[in-house]
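I opened the model today to look up a few local features. My notes follow in the order in which I checked things.

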Amino acid sequence: MTDTQSYLFYQTRTPRPFLDRGEGIYLYDESGKRYIDASSGAMVSNIGHSNPRVLAKMKAQMDKATFGYRLHFRTHPSEDLAAKTVAMTPDGLDRVFFVSGGSEAVESAVKLARQCALATGQGRRHKVISRYPSYHGCTFGALDLTGYDPLREPFAPMMEGMPKVAAPTTYLDRDALSEEERGIRYAELLRDKIEEAGPDTVLAFLMEPIGGASTGALVAPDSYYTRIREICDAYGVLLIFDEVMSGAGRTGKFLAAEHWGITPDIVALSKGFGAGYAPLGAIIAGARLVEPVLDSGGFQHGFTYAGNPLACAAGLAVLEELENHNLIENAARMGEVLKAKLQALMARYPIIGDVRGKGLLLAFELVADRETMQPLPKDWNAHARLVEIAYDLGLIIYSRRTRGGIEGDHFLICPPLVITEPQIDEIMHLLDTALARYA
Ligand code: PLP
């Protein structure tokens, strides 16, 4: 196969070099060019590339069995990974269901919520409220819950159109309220939406605790999270956290929810959970939700590859890396360092309007005017252009232009959790060069 001939297609025809190998935070193409993977791919490779201990554990499992169908056998990797996941998760989340990716995790969470409602005599509950903007995946169910126009529009006539509320984009607000008051104001939008939809028909509220590709690492004021939990409790609405991107240690805690001391009813995990060693995801829920479902005929849902022993062996090895090498603490510490350095860049580049995020889920946003947060003109294609300049320099960053609700070019800087301070300096040097070329 040559560079110019390919039978394969993805979203676009963007030609990219062939990947040769990875090592830690670095990737190398076949010409030998080195890239810093400063976005961990799509916020996936949390423990870095080609970790020899993980590979050895996967090889040991491969030598035994690569697949055993879950209805035919229990396997030690799946049981052990479930136990380890529960041990690393806050109390109250003690049942695990495996899937192979983020969209599957989101849909599984919603289907568990629905079957729990049926099993407990609340059959009218079926509406899932989500936020705008948001990203929850590209399969139909997850897409219907996604607040991102360009992805939804082609398929809008084929979806039900679940209710949405505004995500708290408080960094754009220019009112006289304090941050905490703004957090409450945004949370109260959920109450209004539940009332409008009919409280006895609302099943769940789904949100990314820290927005990922949809909003560029948007963190709400603390008051938002606690008030959201209170509102869900008051209406008997299940709170589902989509931690596909924010989970598995990326924000400096195993779950981002831990930053606010609240426990969602169901959590969706993927990305960093398998960390690119295997397609893997999970939902974690409390026994009080799962047991009634199992008692009333079982969970009518499941994917062929769910819980396969090879993926679970990889996932277990990834969680052991997080634990044995204190990578979650490193994410918290290095996140502070990286964020401070990104903030320092704002003094030199007025085009950077905002730096935000937690741990190593960080982003900056480019704007035309920092005071008014006026976005750059859409046809400048800033998000794509800066990414290409950086890529040429050997720096991989991840970018989107958010549309719908808010507009803006944001850039996620989310290196693997194994990153060191000298490596952060390498990223900053390349980013500075890229911005100087762009500006
Ligand atoms: N949820 C969130 C928050 C995500 O960021 C993503 C992917 O980017 C998904 C769900 C969908 O995951 P996948 O692409 O693995 O289906």
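In which loop is the place of P133? I found P133 in the loop between strand 5 (127–132) and helix 5 (140–144). Helices (H or I, at least four residues) and strands (E, at least two) are DSSP runs, numbered from the N terminus.

Before going on, I noted the ground rules. This is a predicted model, in which local features need pLDDT of at least 70 and side-chain atom pairs count only at pLDDT 80 or more, while totals for chains, interfaces and linings use all residues. Residues are numbered from 1 along each chain as its sequence is written.

**Backbone**

I checked the peptide bond from Y132 to P133 and found it cis, with omega near 0°. Next I looked at K271. K271 has a positive phi of about 40°, although it is not a glycine. K271 sits in the loop between strand 9 (266–269) and strand 10 (281–285). I noted both because most residues other than glycine have a negative phi, and most peptide bonds are trans.

**Ligand**

I listed the shell around the ligand. A residue is near if its C-beta atom, placed from the backbone, lies within 6 Å of the molecule. There are 15 residues around the ligand, and G101, G102, S103, G137 and V244 come nearest. Helix 4 (residues 102–119) gives the largest share of this shell, three residues. By class I have six nonpolar, seven polar and two charged residues in the shell. Here Ala, Val, Leu, Ile, Met, Phe, Trp, Tyr, Cys and Pro count as nonpolar, Asp, Glu, Lys and Arg as charged, and the others, Gly among them, as polar.

**Domains**

I looked up the domain division: domain 1 (19–50 + 326–438) and domain 2 (55–324). These bounds come from an automatic or database domain assignment. The domain centres, taken over C-alpha atoms, are 25 Å apart. The contact takes 33 residues from domain 1 and 37 residues from domain 2. Two residues are in contact if their C-beta atoms, placed from the backbone, lie within 7 Å. On the side of domain 1 that touches domain 2, elements giving two or more residues include helix 11 (327–345) and strand 12 (361–369). Helix 11 gives the largest share of that side, five residues. I sorted the residues of that side into 16 nonpolar, eleven polar and six charged.

**Helix pairs**

Axes are lines fitted to C-alpha atoms, for helices over the stretch in contact, and angles run from 0 to 180 degrees between N-to-C directions. Angles under 35 degrees count as roughly parallel, over 145 as roughly antiparallel, 65 to 115 as roughly perpendicular and the rest as oblique.

I took helix 7 (residues 179–197) and helix 8 (residues 222–235) to start. Their axes come within 7 Å and cross at roughly 25°. Helix 7 is therefore roughly parallel to helix 8. In the contact I see, among others, I184 and L190 of helix 7 and I228 and I231 of helix 8. The contact has nine nonpolar, two polar and four charged residues.

Then I checked helix 12 (residues 382–393) against helix 13 (residues 421–438). Their axes come within 9 Å and cross at roughly 130°. Helix 12 and helix 13 are therefore oblique to each other. The contact includes L386 and I389 of helix 12 and L430 and A434 of helix 13. I count eight nonpolar, one polar and two charged residues there.
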